[in-house]
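Dear colleague,

Please find below the structure that I am handing over to you. My findings follow it.

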Amino acid sequence: MYINLEFSCLKLQSLNYLVESMLKAIYGFVGVLDKVGIEPQIQRIGKYKSAGDRLARTDISDENRETLTALLDNIYGNWLDKVSLAKGKKKEDIENFVNEGVYEVERLKEGCWITDIKYDDEVISLLKERLGFSNTKTLPTVDYRKYSRVRKWTLGLTGYKDKIAIIRVSGAISRTRGSLSVSSSGIIAEKFIEKIRSVRESKVYKAVVIRIDSPGGDALASDLMWREIKLLAASKPVIASMADVAASGGYYMAMAAHAIVAENLTLTGSIGVVTGKLNLEKLYEKIGFNKEIISRGRYAELTAAEQRPFRADEAELFAKSAQYVYKNFRDKAAFSRSMTVESMEEVAQGRVWTGSDAATRGLVDAIGGLSRAVAIAKQKANIPVDKQVTLVELSRPSSSLFGLLSGLGNSIVEADTAVKELVEVMASSSGIQARMDGIVFEKLEGASYAGVVFKLIKDYLRSF
């Protein structure tokens with residue numbers, strides 16, 4: 001109990017720190033860009049869509065403050081409820097205890113918040129005593145890697161006739177694997193689509209559960225995956241199970257399923273898009289770099305001409321294209337959730353919701369984890385509730401929660417790190433993004449010289 005409570009306290013403190021850091025630090029980068037001569041030209045569709053804010057604003061928007069405040073209240077309230085239920089204490093007493101700033105571990109024991117206070121070696125001795133081992137004998141243990149390799153059949157978890165496929169996807173969404181990405185990084189649409197098609201063609205699986213853990217990414221990639229999931233759902237039951245984050249492009253994928261299941265505190269929704277480009281005109285002047293383009297077609301230089309800002313007609317077309325993608329996203333969400341476009345617009349606009357709030361607004365169907373999703377999949381596949389099934393894992397998650405949260409905007413701690421992120425995004429992202437938060441731009445055409453330019457930026461930043 002000591003470990004659990006300590007984790008809960010640390011989790012709450014980390015959450016406060018995370019949101020506080022987001023409120024304080026996200027907006028410091030715009031001054032750095034201005035100093036080196038970079039002008040972000042961002043198009044965000046949805047008043048709550050905060051992706052790009054740290055490049056275009058010097059402070060938090062009222063809408064983003066509203067979203068973050070609601071999320072924090074929801075998470076904090078859930079924490080209070082869980083502790084109150086587990087420890088049999090009033091929520092007011094828990095809040096008072098937290099607000100005292102208690103740091104003496106002895107007080108946690110005195111207040112019955114924890115069972116006991118022991119060092120690691122004392123816990124080992126306690127386990128030996130309870131298991132009947134002499135204190136001089138080594139306690140037999142199994143590490144996680146060895147434990148995870150235990151064959152399922154030895155536990156009676158396989159061998160059942162009916163099979164349900166489990167497909168896990170995690171990380172930021174992109175169409176293809178970029179040159180800078182590693183084999184396990186993010187959701188690669190082309191790879192995911194291959195897997196979905198193979199499952200669709202297979203007669204082995206009675207249903208499919210897609211476990212999604214993603215803040216979004218490339219809008220076109222999200223749409224392509226949505227289409228394949230929809231085709232799969234025409235042949236067999238498909239259930240979307242949301243993990244920590246399934247927002248924007250992550251939600252886009254989920255809405256093609258027959259049912260969406262979210263955890264209480266899953267971050268979801270964020271139905272909106274963001275796109276833009278970097279105007280490097282002043283930077284090029286500073287470093288003596290010149291670029292000229294010879295083109296045909298009125299809008300041929302729309303994203304290729306980073307050496308100048310948008311013309312008025314280019315800016316208008318750019319805004320219209322982003323609006324078009326947003327309406328497509330919103331309208332598909334409305335259709336999939338059996339809502340009117342007007343009703344969907346009220347809960348869309350880039351707003352991030354917790355799973356429980358999303359459920360009350362019709363964005364998800366049920367609250368629960370993977371087991372709840374499997375139960376719903378069995379029901380839709382007409383498999384009796386008491387009949388055992390074999391769960392077949394077809395893929396494994398490729399990104400940690402820390403990696404996902406870095407997409408929320410809390411990973412920039414210094415200018416050098418920020419520039420590296422810019423380089424990576426500009427090298428791997430292309431087109432309009434359906435992303436919960438993060439730095440996302442149009443990919444520059446002629447990217448062969450981009451690395452040279454950004455190396456100059458980094459050198460320039462280090463001179464401050």
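Predicted model: local features only at pLDDT ≥ 70, side-chain atom pairs only at ≥ 80, totals over all residues.

I begin with the helix pair. Helix H9 spans residues 189–201 and helix H10 spans residues 219–233; their axes come within 10 Å and cross at roughly 5°. Because angles under 35 degrees count as roughly parallel, H9 and H10 are roughly parallel to each other. On the H9 side, the residues in contact are Ala189, Phe192, Ile193, Ile196, Arg197, Val199 and Arg200. They meet Ala221, Leu224, Met225, Glu228, Ile229, Leu231 and Leu232 of H10. By type, eleven of the residues in this contact are nonpolar, three are charged and none is polar.

The largest nonpolar core has 48 residues, of which Phe192, Ile210 and Met253 touch the most other members. H10 contributes the most to this core, with six residues. Leaving aside residues up to four places away in sequence, Ile210 touches Ile167, Val169, Phe192, Ile196, Ile229, Val238, Ile239, Ala240 and Ser241. Another core, of 15 residues, lies apart from the largest one; Val374, Ile376, Ile383 and Val389 are among its members.

Lastly, Glu66 is found in helix H4, which covers residues 62–87. Glu66 counts as partly exposed because its relative accessibility is 40%, between the limits of 20% and 50%. With residues up to four places away in sequence not counted, Glu66 touches Tyr48 and Arg351. Glu66 and Arg351 are 285 residues apart along the chain, and 9.6 Å separates their C-alpha atoms. Their side chains are joined by a polar contact of 3.3 Å.

With kind regards

Key:
Residues numbered from 1 in each chain as written. Heavy atoms only, no water. Axes fitted to C-alpha atoms, helices over the stretch in contact; angles between N-to-C directions. Helix = DSSP H or I, 4+ residues; strand = E, 2+ residues; numbered from the N terminus. Parallel < 35°, antiparallel > 145°, perpendicular 65-115°, else oblique. Contact = heavy atoms within 4.5 Å. Nonpolar A, V, L, I, M, F, W, Y, C, P; charged D, E, K, R; others polar. Buried < 20%, exposed > 50% of the residue type's maximum accessible area, 1.4 Å probe, protein only. Polar contact = N/O pair within 3.5 Å; in protein donor to acceptor, adjacent residues only side chain to side chain. Core = buried A, V, L, I, M, F, W, Y, C linked by side-chain atoms within 4.5 Å.
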